[in-house]
Amino acid sequence: MNFTEAVRVAQEQYPKKVTKPIKYGTAGFRSRADALDFIMYRMGLLAGLRARDTSSVIGVMITASHNPVPDNGVKLVDPMGEMLAPAWEVHATTLVNATDEGIASALEGIVSEAHIDTSKKALVFVGRDTRPSSNRLCDAVIAGVTAVGGEFKDFGIVSTPILHYVVTCYNDGGKYGEATVQGYYQKISRAFNKLRSSGTSNGNYDPVILYDGANGVGALAMSEFLNNMKKSLNVTIFNKGEGVLNHLCGADYVKVQQKWPEGVPKTQNVRCVSVDGDADRVIYSYLDSDGKFYMLDGDKIATLVAGYLQELVKGLQLKLGLVQTAYANGASTAYITEKLGVPVACAKTGVKHLHHMALEFNIGVYFEANGHGTVIFSKTAREAIETAAQAKNNSAEKLSQVLDVINETVGDAISDMLLVETVLHARGWSVSDWNDAYTDLPNRQMKVTVADRAVITTTDAERVCVTPEGLQNTINKIVKAFLKGRSFVRPSGTEDIVRIYAEASTQEEADNLAIQVACAVYEHAGGIGDRPKAPC
Ligand SMILES: CC(=O)N[C@H]1[C@@H](OP(=O)(O)O)O[C@H](CO)[C@@H](O)[C@@H]1O
Ligand SMILES: [Mg+2]
């Protein structure tokens, strides 16, 4: 195949505007939307080749998730819903960094390195979030797919988990489910309705939910679910799109700011469920009878789910484990290992790393503290569960129903919410009963801008800083002065900043620790702008 057409379209319609090197990061490419047209086009080209390489459908999702509206981004979805294979992340980076004319040789290089038969058919599924720029950027992706002779199916506005789901289902010939948007809603809601068939109340459990749609696709997805879910849950949707996407609401705002989302009435003792801009993350929160705010993040969800599944798999000889990242609250790790006896592994930030590590277990629960995660079951686990369920083992029967509520193809805010609701219902717990399982150590996240964030490199699942020299020693010294202190720093893979995480025995100490470590980063790693003063 010659790539003359790909170069012509690039030059005429999607010329490259930036010269700064760009890297396929934690969640693909992300930046301000107006700088993304040429990247989208090239990702369309790449998806066309990847589809041929794998002889499968490849997904392209256009979203900047929890980031502000002027941003956007793109990530590729591999055949079984996984994130793009590492070797292809390198190809993506090469292709995006090529000049317009250089596209042809970059594509030829990929074809020869991956031994791609370019005469094969290529089919790419494309989805996008509700950002105003997403439509235009979707056209650019489609132009790319078409320029390398590929075909596409445009799913329009969908959540990230829906796109992962349809890609997986199409590629496995429908075994996991029907490869349509309706098929997704129906499979999950049918399983949930079944779990609720014996009633919606139990003990302290109350099926009432305030749902914060972050003014994005998560609101649309929830109303679709409600159409399918009969009366299994009593959900009221807020932040349906009347306000600005992710602004003062949504999962990231609630998690990072540790605040109740705007736009949701401050009803006490009722669970609030916040999702992010592409509905792959979920965070719970509530206000107690004094109006005090509590947040239940990915760690609380992971421990709740792992603890419940651990009980159900007892006697089935299956190894269940939990995968967290360095951002997991120290109290959650202690609770799950010491109290519940579930093994915990620590992975680098980014679901692809967690997913990979979760495959080591028969049943792998993985969650980032920010609420992104799911549960994956190995073939052995599925078979063992099905055999025991057929033999009328009660727990296995329940487990087999729970399995269908879970979207194993990727973290899914709404499917995760239904899983949490299932466990709370089974336990007869109110949100405060759930919260009482363990108390989070107070913590704080900060960001520092440096001239080049690549000067910071890390090891040991990002918990230890290797360069710049001396930074880790300084952090160690600072941390020593704090009771239950823990802190680490790492360059973000999605923003041009360095992230600081700190936890300690009180909020004041956690804030203080975060500021001191932020200042150390500022000094050792070439901070720009004002010196960090207050938590941000
Ligand atoms: C601390 C934090 O929340 N980091 C997020 C954020 O990555 P960074 O590399 O930290 O920018 O975005 C990723 C993609 O959405 C998500 O996987 C990750 O957990
Ligand atoms: Mg997201």
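How far apart do the end C-alpha atoms of residues 179-283 lie? Select that span: the ends are 28 Å apart, with 33% helix and 16% strand along the way. Helices (H or I, at least four residues) and strands (E, at least two) are DSSP runs, numbered from the N terminus.

This is a predicted model: local features need pLDDT of at least 70, side-chain atom pairs count only at pLDDT 80 or more, and totals for chains, interfaces and linings use all residues. Residues are numbered from 1 along each chain as its sequence is written, while chains are lettered from A and ligands numbered from 1 in the order in which they are written.

**Second segment.** Select residues 297-429. Here the chain is 53% helix and 15% strand, and the end C-alpha atoms are 17 Å apart. UniProt, in an unreviewed entry, lists residues 179-283 and 297-429 for "domain: Phosphoacetylglucosamine mutase AMG1". Such annotations may be inferred rather than shown by experiment.

**Helix pair.** Select residues 4-13 (helix 1) and 103-113 (helix 4). Their axes come within 9 Å and cross at roughly 140°. Now show A6, V7 and A10 in helix 1; they meet I103, A104 and L107 in helix 4 (C-beta atoms, placed from the backbone, within 7 Å). By class, this contact has six nonpolar, no polar and no charged residues.

**Ligand 1.** Select its surroundings. There are 15 residues, the closest being A27, N370, S492, G493 and T494 (C-beta atom, placed from the backbone, within 6 Å). Colour by class: three are nonpolar, nine polar and three charged, with Gly counted as polar.

Conventions
Axes are lines fitted to C-alpha atoms, for helices over the stretch in contact, and angles run from 0 to 180 degrees between N-to-C directions. Two residues are in contact if their C-beta atoms, placed from the backbone, lie within 7 Å.
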